[in-house]
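This report describes how two chains are arranged and joined. Please examine the sequence and the structure shown below before reading on.

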Number of protein chains: 2
Amino acid sequence: MRYEMRFSGSGGQGVILASVILAEAAVADGLNAVQSQAYGPEARGGLCRAETVLSREQIWYTKVDRPQFLLALTQASLDKYAQSLAEDAVVMADDTLALPAGVDPARALRLPILATARDKVGKIMTANIVAVGAINRALGLFGEEALREGVRRHIPAGTEELNWKALEAGTALIGDEAAGRFRRPAL
Amino acid sequence: MRYEMRFSGSGGQGVILASVILAEAAVADGLNAVQSQAYGPEARGGLCRAETVLSREQIWYTKVDRPQFLLALTQASLDKYAQSLAEDAVVMADDTLALPAGVDPARALRLPILATARDKVGKIMTANIVAVGAINRALGLFGEEALREGVRRHIPAGTEELNWKALEAGTALIGDEAAGRFRRPAL
């Protein structure tokens, strides 16, 4: 039993950090996790992606082939990575993006991630933390303390308040109905 | 043809960042790289490890089983990870550590990484950057610009000078003889 997550966008949007934060939160919550990213032709083309695998057991196979969750912050990353998803995968995308053919709208969450970071939090570079908050709530992943522990280790001292604001704004993007519908299978 | 590297120490020593920096430097230098870390029982025990795989081709198998290079900044990490190395692997360890049985002293570099960071650079937390400089010079990995590009993306603004100092101090730990002897096989 494992849960494979992929995080994608353009370089500089912090999707690697989102992946790392959720992996570390998993540990704080008692799970095992492997976090990875590939640098190659895609990275040179401006695409950025990272992956986190969660499991209760030790993780032997570390590669992510057909993720059960995809975050996409750009159209290019959504179009590309929507092509390789597990059946029933949950897709979370910024609401400025169009869902490509093949993605079941009933399994997709289009959310104002970038606008929330820019307008509500006041810093576009917190979009990855907004996304982490939304992902955590939608999938029902970790307790708030585990999540904050994951974030805390990766933010500059003095930016805690900004980042808690981003986490909360992201969490608030997910209503009770969505939080029930998109919950991750038990591990 | 691939080159597998493992970076180990205790949490907070920045070995994950060393692994990430070298993976990104590889891309700036035209190679492909996969960077990963596992969080699990070892992490809860205070051990921290990360891995970077380099190749000219796309990397399909991302797991590191028998690395050709090991960095160890603590005795516990050296003792544990020295048990699973490729034949002829290069081991770089802080010089306060004792080489475990089974490690060929002719393939080991014991270097004052922690002391250099603390006394020469003036900040113990730059030990990972000192190590990156030493690794890059000993293995003959990347050009200086590619290496700095990898570092630049991960340091707080305003700390460039400190980090260049750490890189240079690490590079200076490796003499010409060692730089010839430990050179990485061509990819």
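## Strand pairing between the chains

A:Gln35 has B:Gln37 of E2(B) as its bridge partner. E2(A) and strand E2 (residues 32-39) of chain B run antiparallel and are joined by 7 bridges. Two strands count as paired if DSSP finds at least two bridges between them; strands (E, at least two residues) and helices (H or I, at least four) are DSSP runs numbered from the N terminus.

This is a predicted model, in which local features need pLDDT of at least 70 and side-chain atom pairs count only at pLDDT 80 or more, while totals for chains, interfaces and linings use all residues. Residues are numbered from 1 along each chain as its sequence is written, and chains are lettered from A and ligands numbered from 1 in the order in which they are written.

## The sheet

Strands of a sheet pair through backbone hydrogen bonds, either parallel or antiparallel. Here an open sheet of 12 strands, with mixed pairing, has the order E6(A)-E5(A)-E4(A)-E1(A)-E3(A)-E2(A)-E2(B)-E3(B)-E1(B)-E4(B)-E5(B)-E6(B). Its edge strands, each pairing on one side only, are strand E6 (108-111) of chain A and strand E6 (108-111) of chain B.

Within chain A, strand E4 (residues 69-72) and strand E5 (residues 90-94) pair in the parallel sense over 4 bridges. In this region A:Leu71 stands opposite A:Met92 of E5(A).

The contact takes 20 residues from chain A and 20 residues from chain B, where two residues are in contact if their C-beta atoms, placed from the backbone, lie within 7 Å. On the side of chain A that touches chain B, helix H1 (15-28), strand E2 (32-39) and helix H2 (41-44) of chain A each give two or more residues. E2(A) gives the most, with 8 residues. The copies meet through the same surface, because 100% of the interface residues of chain A are also interface residues in chain B.
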